[in-house]
Amino acid sequence: MNFSLTTLGTASARPIAGKYPSAHLLSVGGRLFLIDCGEGAQMQLVNLKVSLLKIDNIFISHLHGDHMFGLFGLLYSMDMLNRLAPIHVYGPSNLGNILNELPSHFGQLRFEVVFHPIKCKESVKILEFKQLEIYSFPLNHRVETYGYIFKGLWRNNPRSFAYCSDTAPFSKLSKWLDGTTMLYHEATYASDNKLLAKKTFHSTGADAGRLAAKIGAKSLVLGHFSSRYKELKVILNEAKEFFPNTHLANEGMKFDIP
Ligand SMILES: [Zn+2]
Ligand SMILES: [Zn+2]
């Protein structure tokens with residue numbers, strides 16, 4: 001069963017030439033899920049020749065612009081492409097108010113945007129398909145933020161993928177993610193900016209590596225890099241000290257969930 005993650009954007013909030021803010025495409029047996037939708041997500045999908053109309057479910061982690069400013073453009077492009085099928089959007093409850101406001105400013109969409117507010121204190125199942133379960137869990141950021149787990153329950157090769165961005169490390173997280181096959185984790189900073197990471201509720205490469213080791217993951221993908229790092233190797237290397245099978249995400253890169 002095909003199960004892969006394509007990283008559409010790996011930057012954090014500040015714009016950098018050639019980079020895009022957070023957006024990720026998860027393919028599960030051909031079914032496409034969008035996880036976060038920073039500015040430029042639709043351009044990246046077009047660059048990769050992915051039909052915008054194939055996405056039926058969008059998961060937003062939190063209401064920081066670098067994770068969701070691309071959502072409005074994407075929805076209106078879908079309308080322009082004659083979408084009629086409803087789209088399902090998951091995220092913190094405030095997002096519902098914003099989505100409700102859109103038609104009064106930009107016109108009515110011809111398809112329904114079905115918003116599913118996430119509100120949880122533990123890991124809870126939010127959606128399921130045949131042999132696929134999707135869970136949400138809270139993260140530890142400056143605003144209400146949720147992560148997502150996709151569990152492919154195929155009998156001969158069950159695998160799972162977890163998405164954690166943005167978050168500072170916290171103890172409960174490893175319990176919810178225990179046994180995850182591939183972990184995507186933000187690594188905004190390296191440990192030289194450990195204090196800044198703590199202050200802004202972000203993680204370092206070392207934090208991400210430590211978590212991947214603790215949960216017994218098979219692979220770790222790092223993203224959401226601060227623009228202050230011209231060379232990302234420092235983030236990668238410190239994660240690898242704890243978890244050798246670590247990879248840096250890059251725009252358009254595809255990772256198979258092993
Ligand atoms: Zn962010
Ligand atoms: Zn954030």
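His67 is buried in this predicted model, with a relative accessible area of 0%, and Asp166 is likewise buried, at 1%, where buried means under 20% relative accessible area with a 1.4 Å probe and protein chains only. The model is predicted, so local features need pLDDT of at least 70 and side-chain atom pairs count only at pLDDT 80 or more, while totals for chains, interfaces and linings use all residues. Residues are numbered from 1 along each chain as its sequence is written, chains are lettered from A and ligands numbered from 1 in the order in which they are written, and side-chain values use heavy atoms, with hydrogens and water left out.

Both residues take part in coordinating the zinc ion (ligand 1), together with Asp66 and His224, at 2.1 to 2.2 Å; donors are N, O and S atoms within 2.8 Å of the metal (3.2 Å for Na, K and Ca), and sites may look incomplete because water is not among the atoms. Asp166 also coordinates the zinc ion (ligand 2), which is 3.4 Å from the zinc ion (ligand 1). His67 lies in helix H2 (residues 65-68) and Asp166 in the loop between strand E10 (159-164) and helix H5 (173-177), so the pair ties together parts that are 99 residues apart in sequence; helices (H or I, at least four residues) and strands (E, at least two) are DSSP runs, numbered from the N terminus.

Elsewhere, Ser77 is placed in helix H3 (residues 70-80) and is buried, at 12% relative accessibility. Beyond its neighbours within four places in sequence, Ser77 is in contact (heavy atoms within 4.5 Å) with Gln42 and Leu52.

Note on methods:
Buried means under 20% relative accessible area, exposed over 50%, partly exposed in between (1.4 Å probe, protein chains only).
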